[in-house]
Amino acid sequence: MQSVLSKANIPGLTDEQVLIARAESGDNKLRLKEENQFLKIIRAIIQEPMVLLLLAASTIYLVSGNTADALFLAVAIILVATISFFQDSRSRNALEKLKQFTQPVAKVIRNGRFTEINSDDLVPGDNLVLEEGTFVSADGLIIHSNDFSVNESVLTGESMAVFKDRAKEDNRVYQGTTIATGLAVIRVTETGNNTKLGKLGKSLTEIKEEKTPLELQVGSFVKKMVVTGVIFFIFVWLINFLKSYDLPDSLLKALTLAMSILPEEIPVAFTTFMALGAWRLMKMGVVVKQMKTVETLGSASVICTDKTGTITQNKMALAKVYIHSENKIFMGSDSSPSVRALINAAMWASEPIPFDPMEVALHESYVSNTPQDERHQYYMIHEYPLGGKPPMMTHIFENDQGKRIIAAKGAPEALLKVSDLSEAEKEQVSDAINTLGADGYRVLGVGTSAWPGTGFPEQQQDFRFTFKGLVAFYDPPKENIRSVLENFYAAQIGVKIITGDNPVTTAAIANSIGFRGSEKSITGEELMKLGEEGLSRIVSDTNIFTRMFPEAKLRIINALKAKGEVVAMTGDGVNDGPALKAAHIGIAMGKKGTEIAKQAASMVLVDDDLGKMVEAVHMGRRIYSNLKKAIQYIISIHIPIILIVFIPLVLGWVYPAIFSPAHVIFLELIMGPTCSIIFENEPAERNIMSQPPRPLSDTFFRTRELATSIIQGLAITTGLLFMYQYSVSSNAEESQTRTMVFATLIAANIFLTLTNRSFYYSFLKTLAYHNNMVFYMISITVVTTGMLIFVKPFARFFELSPLSLPQLALSIGTGFLSVIWYEIVKWNTRRRFRQTHLCLQTEARPDSAA
């Protein structure tokens, strides 16, 4: 790299010059006119149905002269607004941190050295190095380039790459475009809002918050409940008004019912769970770019993974070489002239600034095997980037004396096609490829050519090459990859290898790591010849896909999706972009991935560790499971609140207004934090990674789960109505009856929280789960409820009265019994599961008599 610097004479800015430039131009950020976040949140809070109902109730109390209740509801509005503001801030802060993690980096020349910086730190005058697969982070002029082309579709809409050079009229590059081929150094001229993209008012870094399928389900459910609330409000108001002709009183009773119907905790819980889930994943080294990815993770049913750098360590070492002229395999460290000549040719076919691990290994072998380093004497005059099926690449170098080197490397099959070899010679090379591949080596073919003059052919395949031999690299599997695969298989997630490597090498690596299905594979060319029916069968039955190219990868992903699979795809190169975008979950590598791959993907593995994907799936399942528990809890606890308000009112019982808006809002203030804090912090259940993936079309409101929540709610309602009637039959006053019903509901709420922490395991087992929030929230609920009942000022305001020990015990016991019955259901579920599991084991066991 330093030799390129000296050849191009590009010293770069000094630290002092950078500070001066930044003081003049500011950071390299696109600053768009946006609504003030605080005002945006306030406007959203004011539009919340619950806030509007509280405001209406507070106004009625004030007009009626009940200042204390009006003041309490006004305080409640502030509390609801504060909670909403807090939840929104947590979600927004999590997304802001995600933006920081997904910010592109830029490679610049400063103080005569290459260095990586955040793209925000670019300043005018910087010398920005652009390579294939990177994003352009600022506008600038080309000052040095090699076969450099740019995709400017973000600005022009034209998808074809445009070749550029400093000598051409079109010698500028623009922020937001991507490098298609080659290498260049540009001098930055504009940054931030002064760039062409900035003047258009576009922001590539903005995370768009799209509505997800589950979010749409939640929104639809809440809207239906709002409509239901309006209908019941009108109905109850008419009944009470026609009975009493007391407008304020009838309105308050109707508002109380409407407030009890609104499940306003559900959308808040959904947003909180997803945003905090993304934040938790980020802390694990998994950066998700949109909340919908968090939602999809738990549904992943197939992982399509690359081999190099994902399954293997991506630490290439030149292990062996095959010399065609001698038809013999040598160690890569051999110093014989023929081995040295092959390594030299392979090095000249590599990038002069190597970043691919194989090319780095070739440069290192060249330095260690060559008496005199000639790299600084030659400069590249033409380049053919990696292309063709199978792929190859060709570089043409020349020195000041006009001596020329034309060298190519790539898939051995590609070099064999363009070399003058007899069938017998090709058979010898194929035998060598199979021998090296069977030992797990990655094999490249190497060839050289000659061409007089400068009118080079349009395609590299038009050269006639002399086949020199093969270079074989060993890239050992990652130490944890066997356990990673076992975890995927245990979670009932299929794994497929999609690689550009040859079938023999891939099968050898797959066998060494316990990969299932390593006995069968198909190449990209074979796959593209299949019809839709044959393709559908192959993608199901085959787990290894070799010699793949972008169109073949994309076809595999789409075929799997057509079969109903939820596909996760890993990728790191420029050509992986289409498949990454097509997959339900596109996964880019944080270290070896190109910027194009990272932008196309929906998530990034910061450390290139596929094991993090296991943790991500675990987290996705945990988030969905806990969110489902929270929503079921909300539905279950809302039902008794609705019915204990509705039934006495409609049936004209002796104490029709058992609860007022003050009671309902107090219960809402308990339920909101319970679902958003307790359930969000719940650890994953022990069996969560042994269950099959959740279908992507799954809904929170399936008949079985909804029926469970409704029955739980009706059971609690039965307990409340029993307590109401018991109290009335005991000639208790209204405040005494209200207190016993209220205490029963609070007790049922606590036990429901504990029971619904798992719909499979006993609540006694879940007490051992590590979640401090359970203790804190229940303690706050108990202490606050005790204060409302036994502290006179609070009791007087809420129209409650102290309970005797037997009365309190009866209320708690009734609340307990109205919930604990579900433990019998869970016990029966566990019993049936064990019986089924035992039967399957018995069927799988060989007949001892036989």
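Me: Hi! Before we start, what makes two rings pair?
Reply: Rings of Phe, Tyr and Trp pair if their centres lie within 6.5 Å. This is a predicted model, and it holds 20 aromatic pairs.

Me: Nice. How are the planes of W653 and Y724 set, for instance?
Reply: That pair is tilted, with 45° between the planes and 5.0 Å centre to centre.

Me: Where do W653 and Y724 lie?
Reply: W653 is in the loop between α23 and α24, while Y724 belongs to helix α25, so the pair ties together parts that are 71 residues apart in sequence.

Me: And are they buried or exposed?
Reply: Y724 counts as buried, at 1% relative accessibility. W653 is partly exposed, with a relative accessible area of 23%.

Me: What about W821 and Y822, what sort of pair do they form?
Reply: An edge-to-face one: the planes of W821 and Y822 stand at 90°, and the distance is 5.6 Å centre to centre. W821 is partly exposed at 26% relative accessibility, whereas Y822 is buried at 9%.

Me: Which residues does T708 touch, leaving out those up to four places away in sequence?
Reply: Y822 again, along with Q632 and F759. T708 itself sits in helix α25, which spans residues 703-729. With 15% relative accessibility, T708 counts as buried, because the cut-off for buried is under 20%.

Me: Which residues form an aromatic cluster?
Reply: Five phenylalanines do: F659, F666, F742, F797 and F798 make up one cluster.

Me: Let's switch to helices. At what angle do α23 and α26 pack?
Reply: At about 170°, with the axes 10 Å apart. Angles over 145 degrees count as roughly antiparallel, and α23 and α26 are therefore roughly antiparallel to each other.

Me: Which residues make that contact?
Reply: From α23 come Y633, S636, I637, P640, I641 and I644. On the α26 side they are V741, L745, N749, L752 and T753.

Me: How do they divide into nonpolar, polar and charged?
Reply: The contact of α23 with α26 has 8 nonpolar residues, 3 polar ones and no charged ones.

Me: Now the backbone. Is the peptide bond from K389 to P390 cis or trans?
Reply: It is cis, with omega near -5°. You can find P390 in the loop between β12 and β13.

Me: What is the phi of N111?
Reply: About 55°, a positive value although N111 is not a glycine. N111 is placed in the loop between β1 and β2, and is partly exposed with a relative accessible area of 33%.

Me: And what is phi near in Q492?
Reply: Near 60°, which is positive as well, and Q492 is a residue other than glycine. Its place is the loop between α16 and β17. Q492 has a relative accessible area of 44%, so Q492 is partly exposed.

Me: Last topic: what is the mean pLDDT of the chain?
Reply: The mean is 83, and 86% of the residues reach 70 or more.

Me: Where is confidence lowest, and where highest?
Reply: Helix α1, residues 2-8, is lowest with a mean of 43, and helix α30, residues 805-820, is highest at 96. Residues 1-8 have pLDDT below 50, and this stretch makes 16 contacts in the model beyond near neighbours in sequence. Residues 202-209 are also below 50, with 18 such contacts.

Me: How should predicted coordinates be read where pLDDT is low?
Reply: Not in detail.

Notes: Residues are numbered from 1 along each chain as its sequence is written. This is a predicted model: local features need pLDDT of at least 70, side-chain atom pairs count only at pLDDT 80 or more; totals for chains, interfaces and linings use all residues. Side-chain values use heavy atoms; hydrogens and water are left out. Axes are lines fitted to C-alpha atoms, for helices over the stretch in contact, and angles run from 0 to 180 degrees between N-to-C directions. Helices (H or I, at least four residues) and strands (E, at least two) are DSSP runs, numbered from the N terminus. Angles under 35 degrees count as roughly parallel, over 145 as roughly antiparallel, 65 to 115 as roughly perpendicular and the rest as oblique. Contact means heavy atoms within 4.5 Å. Ala, Val, Leu, Ile, Met, Phe, Trp, Tyr, Cys and Pro count as nonpolar, Asp, Glu, Lys and Arg as charged, and the others, Gly among them, as polar. pLDDT is the predictor's confidence in each residue, from 0 to 100. Buried means under 20% relative accessible area, exposed over 50%, partly exposed in between (1.4 Å probe, protein chains only). Rings of Phe, Tyr and Trp (its six-membered ring) pair if their centres lie within 6.5 Å; planes under 30 degrees apart count as stacked, over 60 as edge-to-face and the rest as tilted.
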